[in-house]
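Subject: A structure for you to explore

Hi there,

Here is the structure I promised to pass on. Please open it next to this email, and then read on for what turned up in it.

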Amino acid sequence: MCWPAWVFDASFVFIDTQSYLRAGEAIWAVIGDHLGAFATNEALVKGSQGGNASNQAQNTSNLVLDESGGSTVGRSFSYSALIYAFYASIGIWIAPFAKAFVVALFIVCLVPAMAPFTTWGAIALVSALSTLPWFVILLTPDIFASIPILFGALLVGPLRFAKPWIAWCLVVLAAICTTFHYGYPPIAAGVSAFALFWLLITKSLKLRFVIMCAVVSLSGPAINYVASGLVLSDASTTPQRLPIPLARSLEDGPARWYLEEACPTAGLAICEAFEGEIPSNISAFLWDENGVLSLDPSLLARIRDEEFRVLANAFLAYPLQQTSSLSKNAVIQFFRIGTHAVNAAEIVEPEYKSRKDASHVRITQLLHGISPVVMWLTWAAALPIIIVLCVRRLTREQTGIVLTVLFGLTVNAAIFGGLSAPDWRYQSRLVWLLPLMSALIPAFLAQRDATPAAKHNAR
């Protein structure tokens, strides 16, 4: 999976890489101040009198405000802390190998014990030629979006027959991976709901499976709530998130139409912030110099608090238009894949900014050039499992595994494409799961045709 790191000898980054590293540095500084205050008993001293308290306030402001004093974007506490720990200690080069190990572990757990040798060869091809390696080496948490989907597939498949300690180790690992992005708990919740429904209709549902799904789905919001309360003194399940669904609805129309009518009398923060001239373009609303990140943090917090009320009212006012735009963007997202989002660069201290020389530019151009090839290879490799599924050559358990993966891809497209905006990386980081299912066909067929005793031993 990590062959691009060896071949090109470069770091592969996205614009978010820098903010994760900066947030990680501030998080560890706040943790250090908390530990220092506890060790010296300064936690009992009022903030105005404790030296560590002032340092903590300064480090906390690094998470809330950027260098120019504007509001910052919230990032996963767990992933930011982890990636910075790699960066500051062993070296950031270890991150892709750690990601590859986690993904490989879930893949191996999904492969039946009686899998023929051809299955492993096919899995190796998927690992090398699909979008998988490019998102394993990308220094963002994108690849971990696959883990809640793989967990759901395992739950309707071999995880039901695993020893309890193995099952719970995978649950804990999946729960940790789900904390790495605000969008992953909704994916986990959707996939878990489908997996539990499948177990219910196949009469295999047990209480422990419900508990497992709850742990995986709720760990992210719980950790964010506790961590934000400690670090930011403002507990939230999605601290400092951008109002992206609102931006999506503004561009598509419903939220903009609703606010044009409501702003004069509603007393909404967004009306106050933009004085009736609300940007209707996602990029302008979120990222421009006069967008939401330029606002006072308290005003942006009010916009976040009111976001879902505005969206609910916009939906009630324009239900057909809102449903149509969400569905259209979700469909576009499902099929938009490639390697456009991956950029080769060098991470530079201490700003963590990406620097490109001539060789990095050429690598990025190569990735753009091969993107259509990767897309067609991926869909061609996904076709066999779709055919086998449609002709009903799979067992009930195997059908559940494949349908769970398909449902996970659909949920991802709806959340990230429908509620945000279709982007090359959102589906590309997951679409390799379909070629993986095709690679498992020989193992599935061998398992289907095995004797009951052989199936029991394989489990």
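This is a predicted model: local features need pLDDT of at least 70, side-chain atom pairs count only at pLDDT 80 or more; totals for chains, interfaces and linings use all residues.

Residues are numbered from 1 along each chain as its sequence is written, and side-chain values use heavy atoms, with hydrogens and water left out.

**The whole chain**

The protein chain has 23 helices and three strands; these are DSSP runs, numbered from the N terminus (helices are H or I with at least four residues, strands are E with at least two). Of the 459 residues in the chain, 51% are buried. Contact means heavy atoms within 4.5 Å. Among the chain's contacts with a separation of 6 or more, 78% are between residues 24 or more positions apart.

**The disulfide**

How many disulfides does the structure hold? There is one, and it joins Cys263 to Cys271, with an S to S distance of 2.0 Å (a disulfide is a pair of cysteine sulfur atoms within 2.5 Å). The torsion about the S-S bond of Cys263 and Cys271 is about -80°, so this disulfide is left-handed. Both Cys263 and Cys271 are buried.

**Helix α10**

Next, look at α10, which covers residues 184–201. This helix has 18 residues and reaches 26 Å from its first C-alpha to its last, close to the 26 Å expected at 1.5 Å a residue (the expected span is 1.5 Å times one less than the number of residues). Its buried residues include Tyr184, Ile187, Phe194 and Trp198. Among the elements covering the buried residues of α10 are α8 (146–156), α9 (164–178), α11 (207–231) and α19 (396–418). Just after α10, Lys203 takes a positive phi of about 60°.

At 0% relative accessibility, Ile187 counts as buried. Which residue lies 224 places from Ile187 in sequence, yet 6.3 Å from it in space, C-alpha to C-alpha? That is Val411. Leaving aside neighbours within four places in sequence, Ile187 is in contact with Pro148, Ile149, Val411, Asn412, Ile415 and Phe416.

**Two packed helices**

Two packed helices are described by the angle between their axes and the distance between the axes. Helix α17 (residues 319–335) and α19 pack at about 120°, with their axes 8 Å apart. Axes here are lines fitted to C-alpha atoms, for helices over the stretch in contact, and angles run from 0 to 180 degrees between N-to-C directions. The pair α17 and α19 is therefore oblique (under 35 degrees is roughly parallel, over 145 roughly antiparallel, 65 to 115 roughly perpendicular, and the rest oblique). Residues making the contact include Leu326 and Phe334 of α17, and Leu409 and Phe416 of α19.

**One last residue**

Thr378 sits in helix α18 (residues 358–390), and it counts as buried at 3% relative accessibility. Apart from its neighbours within four places in sequence, Thr378 is in contact with Thr131, Ile337, Val431 and Pro435.

Happy exploring!

How values were computed:
Buried means under 20% relative accessible area, exposed over 50%, partly exposed in between (1.4 Å probe, protein chains only).
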